[in-house]
Amino acid sequence: VRAWRPLTVGVPLVFLALFFLYPLAAIIERGLRGDGDSALDVLTDPTTRDVVWFTVWQALASTLLTIAVALPAAYVLGRYRFRGRGVVSAVVLVPFVLPTVVVALAFLAVLPEPLERGWAPILIAHAFFNVAVVVRVVGGFWTNLDPRIGEAAATLGASPSRRFREITAPLLSPALAAAAAIVFLFSFTSFAIVLILGGPRYATIEAEIYNQAVRLFDLRAAAVLSLVQLTCVIAAVWVATRLERRVSGGAPLRAERDTLRQPRTAGEKLVVGLSLGALGLFLGLPLAVLVERSLAVGDGYGLAAYEALGRPTSVLLAAPWEAIVNSIVYAAAATVIAVVVGGLAAFAVARTRSRVLDGLVLLPLGASAVMLGLGFLIAFDTEPLDFRAAPWIVPVAQALVAIPFVVRIVAPTLRSIDPRQREAAALLGAPPTRVVREIDLPIVSRGVAVAAGFAFAISLGEFGATVFLARPDRPTLPVAIFRFLGRPGELNVAQAYALAVVLMAVTVVSVLVVERARVRRGGWF
Amino acid sequence: MRATLVLLAIAVAVTACGGWGDEPTEVVLVTHDSFAVSEDVKQAFETESGLTLRILKAGDAGEVVTRALLTAGDPEGDVLFGVDNNLVARALAGEIFEPYESPELASVDPGLVLDTEHRVTPIDHGEVCLNYDKTSYERRSLDPPDSIADVVDERYRDQLVVENPATSTPGLAFLLATIALYGDPGWKGYWRRLRENGVLVVDGWEEAYTVRFSGAAGSRGKRPIVVSYASSPPAEVIFRDPRPSAAPTGVIEDSCFRQIELAGVLRGTANEEGARRLVDFMLSRRFQEDIPLQMFVFPARRDAALPPEFEKFAVVPERPLELAPEEIEANRERWVDEWTDIVVR
């Protein structure tokens with residue numbers, strides 16, 4: 001296995017260095033070199049202080065709220081087998097892929113008036129978007145936890161709350177820490193949600209970076225702010241990885257066939273029903289608004305917007321339905337990249353305990369997408385790195401966002417595999433490749449499938465980098481939605497919402513397909 | 001056999017790269033997300049010039065200019081279209097364009113020409129205006145406001161929704177309209193009164209027009225006045241099925257601020273000849289007459305005919321409000337900061 005190290009560490013490291021660190025460093029360097037407000041002015045400006053403080057606390061609060069909302073559903077998916085379980089775990093991904101502007105507008109329609117603006121709707125919307133992260137990362141890990149310890153404790157008279165506190169929670173914490181870190185970073189760099197639902201008084205560091213770089217063209221201030229942002233993100237990642245390490249290791253893992261069971265008693269059925277019902281209501285209401293608005297044409301309802309999707313339009317340089325094909329092609333490519341690069345990184349992180357790589361893979365989630373986009377522009381403009389117009393740059397940029405998920409889902413599982421299992425296999429004469437194939441892969445294949453589904457969904461929904469890099473005659477669904485929403489006229493607005501509904505359907509179907517295609521070797525499934 | 005294959009591969013690679021010193025086969029137009037052109041018009045240019053027209057959409061106008069400034073001298077394309085009078089001073093200071101005086105310029109409204117050195121050429125103009133919901137005022141039995149000054153009247157309390165000038169192009173244009181009308185610092189008093197009269201500030205046009213404004217089709221908004229465009233009423237007619245006989249929304253003509261969209265040959269272009277041909281083409285009648293229904297703005301050429309929907313439902317303001325690009329560039333940041341202090345804090 002040691003011989004693999006150059007591969008498992010090297011490939012992800014080169015990928016991140018080339019497509020993340022280098023362009024980001026290039027744009028920050030350019031910014032600091034140019035003129036504009038001095039770094040000290042930016043740092044001591046009271047606005048900066050307010051923005052940083054707001055960004056940090058809203059991200060923390062959003063993370064806590066998301067965990068609170070998602071944990072019951074994670075428990076149900078991690079412990080029970082019931083009809084439609086796979087569909088539920090695919091459907092929670094829907095909010096995650098929808099363009100933020102569309103969701104923000106849908107929220108304005110469902111929130112009661114006093115909750116319409118300010119910090120409260122921001123937190124609620126962040127929870128709406130990120131529920132999938134907790135449900136899938138924590139629920140997926142929960143699925144592999146051996147239920148027998150809990151059962152043993154119950155036999156010995158431990159109360160349910162004590163069992164959760166002393167057994168389940170500590171065992172789950174690596175996955176919880178991983179999910180919390182991802183939700184925190186997403187909320188930390190949130191942009192459109194904060195501007196629309198917060199109103200003009202609220203801004204995150206990311207929104208301020210955009211304002212400085214694009215509206216005011218003060219690249220120096222933007223560079224200073226992105227360094228501030230990066231510092232916060234590195235601190236958060238450091239805390240998260242330490243937390244994950246302190247608590248991880250030695251969890252008794254089993255394949256899901258042995259852990260899931262049908263809800264038997266009336267109490268269990270009630271728990272399953274209530275958890276899923278509450279989640280359904282929370283996620284369903286804003287989504288129902290999207291469906292309703294896609295049908296609202298003329299004075300009543302109809303399918304005119306959907307019919308129009310087949311016709312070429314001046315809004316796009318293509319017929320809207322072509323965006324579906326483009327999205328799927330890009331997302332498939334991005335998923336392959338993310339699973340290969342992220343899978344190698346997960347092995348490296350779990351086996352070599354490489355801290356640098358462990359933290360580094362998370363950084364793209366917390367770094368400024370605006371600056372990274374501008375960085376691509378100036379970093380990849382000359383031979384041999386002339387990639388500005390290369391078609392594969394789109395899936396690469398999407399993979400950058402998806403890789404952290406693959407690592408964060410696969411690595412905790414890998415790390416928790418009892419090393420004695422591997423040692424025993426090696427002792428019995430199994431070569432290292434066989435150990436990986438027969439010990440690691442079967443346990444991890446469920447995680448890889450979940451991660452691939454996630455990666456696919458992320459690439460489907462990715463907007464920031466795609467809108468910057470995708471060719472206009474090959475728009476993806478989120479890009480097409482954004483273009484339609486920017487035009488007045490009933491049919492344009494209805495088509496934007498119709499495409500959002502199509503995006504929802506494509507997400508559910510493709511995630512189900514991707515997750516079915518998991519590794520079947522080893523007899524575990 | 002192998003040698004033939006290698007030669008063939010080299011030949012293919014060379015053709016793909018455009019060859020050694022051969023004529024370029026492509027011209028790249030860098031533009032904003034709202035750019036649109038009919039397929040047959042695009043093909044007409046390609047047949048006439050023998051060049052393939054590649055369109056590179058690079059975000060909104062601010063993002064397009066930012067990208068061009070970052071890549072000055074080594075541009076992403078050959079022609080940039082979409083820089084407007086709010087941003088043109090910044091673009092010129094960044095030296096991203098090469099001068100080119102198109103022969104077609106003779107037919108263009110001289111009031112639209114912003115640069116005497118012709119580093120930028122006007123292509124179209126659109127006006128940001130207050131729009132109002134006709135049915136709402138019929139129901140209220142109230143006359144719709146007639147001017148910017150009217151909107152602070154008690155009768156129109158809680159009826160206006162505007163975009164934040166810090167985050168939105170039409171929002172900035174409306175702030176500039178009030179500055180052009182009341183002068184600096186006279187505009188501040190106007191906005192204080194507007195705030196007292198219950199103006200709602202939202203992040204962008206999408207929320208203002210499709211969610212807050214009551215006049216947009218399908219909207220459940222409650223506010224009957226919004227900052228939008230002079231061409232929004234024809235869009236409400238064209239994109240409704242069946243088409244109504246009259247536009248459901250109206251434009252307050254005295255509130256319009258002019259936005260001129262310009263094109264320029266990018267400095268460092270790999271195809272200067274093609275770039276110039278493209279600018280000429282964008283000023284030709286064929287392209288100019290395609291503009292209204294594609295981009296919902298007005299052609300710069302005086303002899304370009306407007307489509308019937310525009311003749312019937314659009315308002316071309318006779319005396320739109322304007323400010324000099326240099327004045328906008330010098331004060332934009334301060335104005336937006338002061339506006340934020342008055343209206344938001």
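Leaving aside neighbours within four places in sequence, A:L24 is in contact with A:L230, A:A367, A:M371 and A:L372, contact being defined as heavy atoms within 4.5 Å. The residue belongs to helix α1 (residues 5-33) of chain A; helices (H or I, at least four residues) and strands (E, at least two) are DSSP runs, numbered from the N terminus. A:L24 counts as buried, at 6% relative accessibility, where buried means under 20% relative accessible area, exposed over 50%, and partly exposed in between (1.4 Å probe, protein chains only).

The model is predicted: local features need pLDDT of at least 70, side-chain atom pairs count only at pLDDT 80 or more, and totals for chains, interfaces and linings use all residues. Residues are numbered from 1 along each chain as its sequence is written, chains are lettered from A and ligands numbered from 1 in the order in which they are written, and side-chain values use heavy atoms, with hydrogens and water left out.

The next topic is the interface. The size of an interface is often given as the accessible area lost when the parts come together. Between chain B and chain A the buried area is about 4500 Å², and carbon and sulfur atoms give 55% of this; buried area is the accessible area (1.4 Å probe) that two parts lose on being put together, summed over both. On the side of chain B, the residues that lose the most area to chain A are B:K57, B:L70 and B:F239, which together account for 16% of what that side buries. The contact takes 45 residues from chain A and 49 residues from chain B.

Two salt bridges are counted between chain B and chain A, a salt bridge being a side-chain nitrogen of Lys or Arg within 4 Å of a carboxyl oxygen of Asp or Glu. B:D33 forms a salt bridge with A:R483, with the closest N and O atoms 2.8 Å apart. At least two residues of the side of chain B that touches chain A come from each of β2 (52-57), α3 (61-70), β7 (200-202), α8 (205-212), α9 (232-238) and α11 of chain B. The largest share, seven residues, is supplied by α8(B).

Within chain B, a disulfide joins B:C129 to B:C256, with an S to S distance of 2.0 Å; the term denotes a pair of cysteine sulfur atoms within 2.5 Å. B:C129 lies in strand β5 (residues 121-133) and B:C256 in strand β9 (residues 249-266) of chain B, so the pair ties together parts that are 127 residues apart in sequence. The link is right-handed, with 115° about the S-S bond, and both B:C129 and B:C256 are buried. Over all chains, the count is one disulfide.

Chain B also holds several backbone features in loops. B:F296, in the loop between α11 (285-295) and β10 (298-299) of chain B, has a positive phi near 55° although it is not glycine. B:F296 is buried, with a relative accessible area of 8%. B:S141 likewise has a positive phi in a residue other than glycine, near 45°, and is found in the loop between α5 (134-140) and β6 (160-163) of chain B. At 67% relative accessibility, B:S141 counts as exposed. Finally, a cis peptide bond with omega of about 15° joins B:D184 and B:P185, and B:P185 is placed in the loop between α6 (169-182) and α7 (186-196) of chain B.
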